[in-house]
Amino acid sequence: MASSLYSIVIDAHDMRAQARFWCDVLDWRILHADDLEVTIGADVSATPGLTFVPVEEGKTIKNRLHIDLNPDDRDAEVERIIALGARRADVGQSPDVTWVVLEDPEGNEFCVLAPKKSLIG
């Protein structure tokens, strides 16, 4: 039997603030919160979720794993997410790419894609 993607775990200085930001971005809700983790998702049975865990150290380099968002309208979504607290990021992308790189409030990069209908197109 193959594994299924359950949760993506993200290190955070302020895991509750990060959880609130991503809930606003994804229109999800906090499903569980204690001193060791905060888990968010669309519903308790809808996987994957995002889990934020506390860390002391700061982020020093570009993320090796990041989230891609698939909106209906890329430019409108970029502006909405910036209003929530994200910032534009330059990770070396060329000016003609079809995505926009942003950073969440703690500096984790993620991309807002041009609308896609499938995983390969």
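User: In what order do the four strands of the open sheet stand?

Analyst: Strands, like helices, are DSSP runs numbered from the N terminus (a strand is E over at least two residues, a helix is H or I over at least four). Two strands pair if DSSP finds at least two bridges between them. Here the order is β5-β8-β7-β6, with mixed pairing. β5 (67-69) and β6 (87-88) are the edges; each has a single partner strand, so one side of each has no neighbour in the sheet.

User: What should I know about the model itself?

Analyst: It's a predicted model, where local features need pLDDT of at least 70 and side-chain atom pairs count only at pLDDT 80 or more, while totals for chains, interfaces and linings use all residues. Residues are numbered from 1 along each chain as its sequence is written, and side-chain values use heavy atoms, leaving out hydrogens and water.

User: How many bridges join β5 to β8, and do they run parallel or antiparallel?

Analyst: Three bridges join them, and they run parallel. Leu69, for instance, is opposite Val112 in β8. Helix α1 packs on this sheet and touches β5 and β8, its direction making about 30° with that of β5. For such angles, axes are lines fitted to C-alpha atoms, for helices over the stretch in contact, and the angle runs from 0 to 180 degrees between N-to-C directions.

User: Which residues of α1 are buried?

Analyst: Buried means under 20% relative accessible area, exposed over 50%, and partly exposed in between (1.4 Å probe, protein chains only). In α1 the buried ones are Met15, Gln18, Ala19, Phe21, Trp22, Cys23 and Val25. As a general idea, an α-helix has 3.6 residues a turn, so residues three or four places apart point the same way.

User: Is Glu109 buried or exposed, and what does its side chain reach?

Analyst: Glu109, in strand β8 (residues 109-112), is buried, at a relative accessible area of 10%. A polar contact is a pair of N or O atoms within 3.5 Å; within protein, one must be able to donate a hydrogen and the other to accept it, and residues adjacent in sequence count only if both atoms are side-chain atoms. The Glu109 side chain makes one with the Lys59 side chain (3.0 Å), and reaches the backbone nitrogen of Asn63 at 2.8 Å.

Conventions:
Contact = heavy atoms within 4.5 Å.
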